[in-house]
Amino acid sequence: MSAIAGTPKKNMMLFSGRAHPELAEHVAKELDVTVTPQSAYSFANGEIFCRFEESVRGSDAFVIQAHSAPINDAIMEQLIMVDALKRGSAKRITAVMPFWGYARQDKKHRGREPISARLVADMFKTAGADRILTLDLHTSQIQGFFDGPVDHLFALPVLAQHIKSTRPTDNFAVVSPDSGRVRLAERWAETLGGTPLAFIHKTRDPLKPNEAVANRVVGEIEGRCCVVIDDMIDTGGTVAKAVEVLLKEGASDVIVAATHGVLSGPATERLANCGASEVIFTDSLPIPAEKRFDSMTVLPIAPLLAEAIHQVFEDGSVTSLFDGNA
């Protein structure tokens, strides 16, 4: 006999970085598995170390890490975990990053600038990741930065279902905070039942990050409940100004819905006092108690991530989770 026959088997293992362990635990609960125990700590000079307490040989490994502040530590920790899995002979490694760090740096605005979103993709490929699973990228083109499969999930069904269930009779208008989100706004409008579209015409100085000026509303929003949609909210300045403009132009109410609550600096104060009746996020990034306020709603994203992980593990279709529109 010149060969040994073996029974093919698959073994899913779930791993979590330290940035948002609650999300990983919720995903594990949805999948009916446990997060693989590990030793992870930082040395006095900031170097990160990790070691898994169980064998990972031959496993289908999923490494969940939220790229939250301090973002460089979070990314580096996930890279180190991927490297440890590669050297531990994991069969396939999927980097699960609900929020892709540096996603806003996806192109050059001027000469001598980096494309940092591509750099992040290159680092994960070099570390040993076979595929990436992510949620609501800043721009879809980032999928092409990684030389391998990228499963791009959308939080729209989760966010829209919450709005429809809590405000079933409202006369909606979907508002994009800028012209770059119009295509996403079209999908939102279709999901909410063919509502009118509008967008905020704004200007931004490339020399002043996190600053934009909302000039005027393009579209008919008077007397309607406006749903302002975006992929992320960082300092909250753009959204707060958009809400102000919409109410001034005659909107009856404003709801803000975004996937990733980065919430840096004055974001919490701005959003709490901007005039929106509700501000909705998913828990793709950790939102601590001190950054929450009465009108904020945080929706769980773990069921969606778990189903996508299950489809990847079973070699199924992630696109089927979005009716073929992913």
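Guide: Domain bounds come from an automatic or database domain assignment, and in this predicted model the assignment for the protein chain gives domain 1 (12-153) and domain 2 (156-204 + 212-299).

Visitor: How far apart do the C-alpha centres of domain 1 and domain 2 lie?

Guide: The C-alpha centres of domain 1 and domain 2 are 28 Å apart, and the contact is made by 14 residues from domain 1 together with 13 residues from domain 2.

Visitor: What area is buried between domain 1 and domain 2?

Guide: About 1,100 Å² is buried between domain 1 and domain 2, and carbon and sulfur atoms give 60% of that area.

Visitor: How many salt bridges are counted between domain 1 and domain 2?

Guide: The count between the two domains is one salt bridge, while seven residue pairs are found in polar contact across the interface of domain 1 and domain 2. On the side of domain 1 that touches domain 2, the residues divide into seven nonpolar, five polar and two charged. Arg 104 forms a salt bridge with Asp 234, and the closest N and O atoms of this pair are 3.0 Å apart.

Visitor: How many disulfides does the structure hold?

Guide: A disulfide is a covalent bond that joins the sulfur atoms of two cysteines. The structure holds zero disulfides.

Visitor: Is Cys 226 buried or exposed?

Guide: Cys 226 is buried, with a relative accessible area of 0%, and Cys 50, at 10% relative accessibility, also counts as buried, because the cut-off for buried is under 20%.

Note on methods:
Residues numbered from 1 in each chain as written. Predicted model: local features only at pLDDT ≥ 70, side-chain atom pairs only at ≥ 80, totals over all residues. Heavy atoms only, no water. Disulfide = S-S within 2.5 Å. Buried < 20%, exposed > 50% of the residue type's maximum accessible area, 1.4 Å probe, protein only. Contact = heavy atoms within 4.5 Å. Buried area = accessible area lost by both parts, 1.4 Å probe. Salt bridge = Lys/Arg side-chain N within 4 Å of Asp/Glu carboxyl O. Polar contact = N/O pair within 3.5 Å; in protein donor to acceptor, adjacent residues only side chain to side chain. Nonpolar A, V, L, I, M, F, W, Y, C, P; charged D, E, K, R; others polar.
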